[in-house]
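Visitor: Could you walk me through this one? I'd like the strands, the pocket and the helices.

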Amino acid sequence: MTESRYVEPGWFTKHVFNRAVRRLTRWGLSVAGSRELRVRGRTSGEWRSTPVNLLSIAGERYLVAPRGTTQWVRNIRVTPQAELRVGRRSETFRAQELADAAKGPVLREYLRRWGWEVGAFFEGVDKNATDDDITRIAPDFPVFRVLPA
């Protein structure tokens, strides 16, 4: 895993887009599959939240960090039990990080579904990329399987 890759959100994303998606998701309106991810802070132990896209493939569910090693990724690596919320519905789950070799199909499907939203973070790699390209970028994109708590 590449610990150093992190793409900081711009002002619009941080102050407008993410806040709007988080607010709609809290009201129970999932925007293109959005959820509010709640994780415990690795130092403070306090709940932290961020909007994420929950990906389902053949009955399995995944969280992908398109910005790389974000704070939620660092927190969930320390405390893998977390929550996904939409409105008042809350689901506790356990996160299991995927090895780089297993990320390919998940990253490709993530790009197919949300490339319009997150494609800029994948630096020229899209849903039509070769398997070699997907394998090359996999270490820079943490992926977690969502498992029952």
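Guide: Here is a short tour, taken one question at a time.

Guide: Before we start, this is a predicted model, with local features needing pLDDT of at least 70 and side-chain atom pairs counting only at pLDDT 80 or more, while totals for chains, interfaces and linings use all residues. Residues are numbered from 1 along each chain as its sequence is written, and side-chain values use heavy atoms, leaving out hydrogens and water.

Visitor: Okay, strands. How many bridges link E1 and E2?

Guide: E1 and E2 pair antiparallel over 7 bridges. Pairing here takes at least two bridges found by DSSP, and strands (E, at least two residues) and helices (H or I, at least four) are DSSP runs numbered from the N terminus. Val-39 sits opposite Arg-48 in E2.

Visitor: What's in the turn of that hairpin?

Guide: There are 6 residues between E1 and E2, and Gly-45 in the turn has a positive phi of about 80°.

Visitor: And which way do E2 and E3 run, parallel or antiparallel?

Guide: Antiparallel: 4 bridges join E2 (residues 47–57) to E3 (residues 60–64). Leu-54 has Leu-63 in E3 as its bridge partner, and Leu-55 has Tyr-62. This hairpin has 2 residues between the strands, and Ala-58 takes a positive phi near 50°.

Visitor: Where does E3 go from there?

Guide: E3 is also joined by 4 bridges to E6 (residues 143–148), again antiparallel. Leu-63 partners Phe-144 in E6, and Tyr-62 stands opposite Arg-145. E6 is also joined to E5 (residues 89–97), antiparallel, by 5 bridges, with Gln-96 opposite Arg-145.

Visitor: Switching topic: what volume does the largest pocket have?

Guide: About 830 Å³. On a 1 Å grid over the protein atoms alone, a pocket is an open set of points where a 1.4 Å probe fits, with protein on both sides within 12 Å along at least five of seven lines, and lining residues have an atom within 4 Å of a point. The volume is the space filled by probe spheres set on the points, which are joined across faces, edges and corners.

Visitor: Which residues are closest to its centre?

Guide: Of the 33 lining residues, those are Asn-18, Thr-50, Pro-51, Arg-67 and Trp-72. H1 gives the largest share of the lining, 7 residues, and H1, E1, E2, H2 and H3 each supply at least two.

Visitor: Where does H1 bend?

Guide: At Asn-18, by about 30°, taken as the angle between axes fitted to the seven residues ending there and the seven starting there. Asn-18 is also among the residues closest to the pocket centre. After H1 comes Gly-28, with a positive phi near 100°.

Visitor: Last one: how many aromatic pairs are there?

Guide: The count is 4, where rings of Phe, Tyr and Trp (its six-membered ring) pair if their centres lie within 6.5 Å, with planes under 30 degrees apart called stacked, over 60 edge-to-face and the rest tilted. Tyr-110 and Trp-114 have ring centres 5.2 Å apart and planes at 55°, so that pair is tilted.

Visitor: Why are those two about one helical turn apart?

Guide: Because Tyr-110 and Trp-114 are 4 residues apart in helix H3.
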